[in-house]
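Work through the exercises below with the sequence and the model side by side. Try each task before reading its solution.

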Amino acid sequence: MSFTAKLSDIVGPTNVLTGAEAAPFLTDWRNRFTGRAIAVVRPGTTQQVADVVRACADHGVPLVPQGGNTGLCGGATPDDSGQAVVLLTSRLNRVRAVDTVNDTMTVEAGCILQAVQERATAEGRFFPLSLGAEGSCTIGGNLATNAGGTGVLRYGNMRDLTLGLEVVGADGEIWDGLRGLRKDNTGYDLRDLYVGSEGTLGIITAAIIKLFPQPAARCTALLALSSADQAIELLARARSGFAASLTGFELMAGVCLQMVTRTYPAQRLPFEGPSAAAPWYALLEISDAESEAHARERFEVVLGEAIEAGEADDAVVAENIAQSKALWHLRESITLAQAEAGKSIKHDVSLPISQIPHFVQETDALLQQRFPGLVNMTFGHLGDGNLHYNVGTSSAFGDADMLANQDAIYALVHDRVHAFGGSISAEHGVGQLKVGELARYKSTQELKIMSLLKRSLDPQCILNPGKVLPSYWCSPNA
Ligand code: FAD
Ligand code: 2HG
Ligand code: ZN
């Protein structure tokens, strides 16, 4: 039996896509990476995933897992050798169980994040992972990238939100680690090893995730700021003033929001006068367990104190859910607006929060000096020290300039990040985009340990090869 006939036998012929049917799954969301594949397969059960992996292992065929294909580092795109199989998780989309006493939900890897949030709400609970791509990204992709988003400040990232996993290993064996335990010290933590491994150590088929009580009320405000220093002072006040109620603290350069309102004229900044053209904005959210009135009172007191102390220049507090959604919509539209505006380079970095103003000031200046006309478009999850230190084009620095200087821009920014004690990937992962960068900044010892793990769990190197680790660290002689 031929290899593709074997795949058809496992998942059914309608779930083995080739040619035009496979094409949408061979290019990443930003159109930066395109590959080829023998086929795109859609298993419908964990057993089918295991059988597909075993068939691939028998034939030495590489496998590229793919969820919603919203990743920003090319991790779900095969290389152009045409020798891989792309494994789509879209049919693994069942909610297997909800336990409202243990506050957990057992979900399959292909469940769309928004559907999981909605199911939690329907059960009177809250699942806090939230990101702009939540209508398309999957729980499996969220786990594989250890996704962050806007609620990390209060609830943690996907790793923190996960209790158990079910994973198919490179040999096709199923590891049933679906334990809904908040404490489990029985040896090495395999769950934490698979979370964030970007499909290079195993294929995640299901997970037990944590649920939380729904907040009684939420308050949102947009604040106009004149400097990144002010943002750090405001963050410190918000942290002490709101404590655990602070559920969001996003920073955005004014140019980012101007780009959003230019690209989507239906969206507007809620300020008039100088505050409508502030260099920076902060979006704050608090969640209150008591009541709307309690939340609003606390919110207005702390924000009033911040303005009085000169930690913000102006503030608009959302009066209702529609206004709050409009403020969040401005923030969540930055990535989409940037994709429409032309080429951009995304630096998803994290830094000690105390270093952020200095880093931004120094790196902005260095970039302008070396690449005049390039536009600094920084935004991100300031509460987590995570900046999307992105750069965009202008009439003086166009798409061709951006592409021609891409490597030099990455090197300049990442060198600065490294010098400031930061990380070159805070929440998007490494994928294929940053493989070279990872090798450049990780210590040899760290790379050696990662390589040992990879080679023990995937000795043939068939799981998402060329992602995370450079290929030479995966070969048996590394
Ligand atoms: P994919 O893109 O399909 O895959 C991502 C990686 O995971 C690949 O390496 C793939 O091989 C691997 N993978 C997928 N499923 C599995 C599986 N079941 N088992 C093993 N490996 C698997 N990210 C954030 O962290 N925070 C944000 O705020 C954020 N905002 C975004 C906003 C927009 C508009 C967009 C387009 C993206 C954003 N992202 C963000 C990035 C992206 O949405 C996340 O990385 C998301 O977790 C990817 O999920 P996915 O299902 O699309 O995964
Ligand atoms: C966000 O925070 C995402 O909106 C995407 O992580 C960031 O577009 C980006 O660089
Ligand atoms: Zn982000």
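The model is predicted, so local features need pLDDT of at least 70 and side-chain atom pairs count only at pLDDT 80 or more, while totals for chains, interfaces and linings use all residues. Residues are numbered from 1 along each chain as its sequence is written, chains are lettered from A and ligands numbered from 1 in the order in which they are written, and side-chain values use heavy atoms, with hydrogens and water left out.

**Exercise 1. The whole chain**

Describe the make-up and the overall dimensions of the chain.

Step 1. Count the elements: there are 16 helices and 19 strands. Helices (H or I, at least four residues) and strands (E, at least two) are DSSP runs, numbered from the N terminus.

Step 2. Compare the radius of gyration with the globule rule. The radius is 23 Å, close to the 23 Å that the rule gives for 478 residues, so the chain is as compact as a globular protein of that length. The radius is taken over C-alpha atoms, and the rule is 2.2 Å times the number of residues to the power 0.38.

Step 3. Look at burial. Of the 478 residues, 52% are buried; buried means under 20% relative accessible area, exposed over 50%, and partly exposed in between (1.4 Å probe, protein chains only).

Step 4. Look at contacts, meaning heavy atoms within 4.5 Å. Among those between residues at least 6 apart in sequence, 73% join residues at least 24 apart.

**Exercise 2. The zinc site**

Step 1. List the donors: His381 (NE2), His388 (NE2) and Glu427 (OE) lie 1.9 to 2.1 Å from the ion. Donors are N, O and S atoms within 2.8 Å of the metal (3.2 Å for Na, K and Ca); water is not among the atoms, so sites may look incomplete.

Step 2. Write their spacing in sequence, which is H-x6-H-x38-E.

Step 3. Locate two of them. Histidine 381 is in strand β18 (residues 375-381) and glutamate 427 is in the loop between α14 (406-419) and α15 (435-441), so this pair ties together parts that are 46 residues apart in sequence.

Step 4. Check burial: histidine 381 is buried at 3% relative accessible area, and glutamate 427 is buried at 11%.

**Exercise 3. Positive phi**

Is asparagine 31 buried or exposed, and what is its phi? Answer likewise for cysteine 461.

Step 1. Asparagine 31 has a positive phi of about 60° although it is not a glycine. Its place is the loop between β1 (16-17) and β2 (39-41), and at 60% relative accessibility asparagine 31 is exposed.

Step 2. Cysteine 461, also not a glycine, has a positive phi near 55°. Cysteine 461 lies in the segment after α16 (444-457) and is buried, at 18%.
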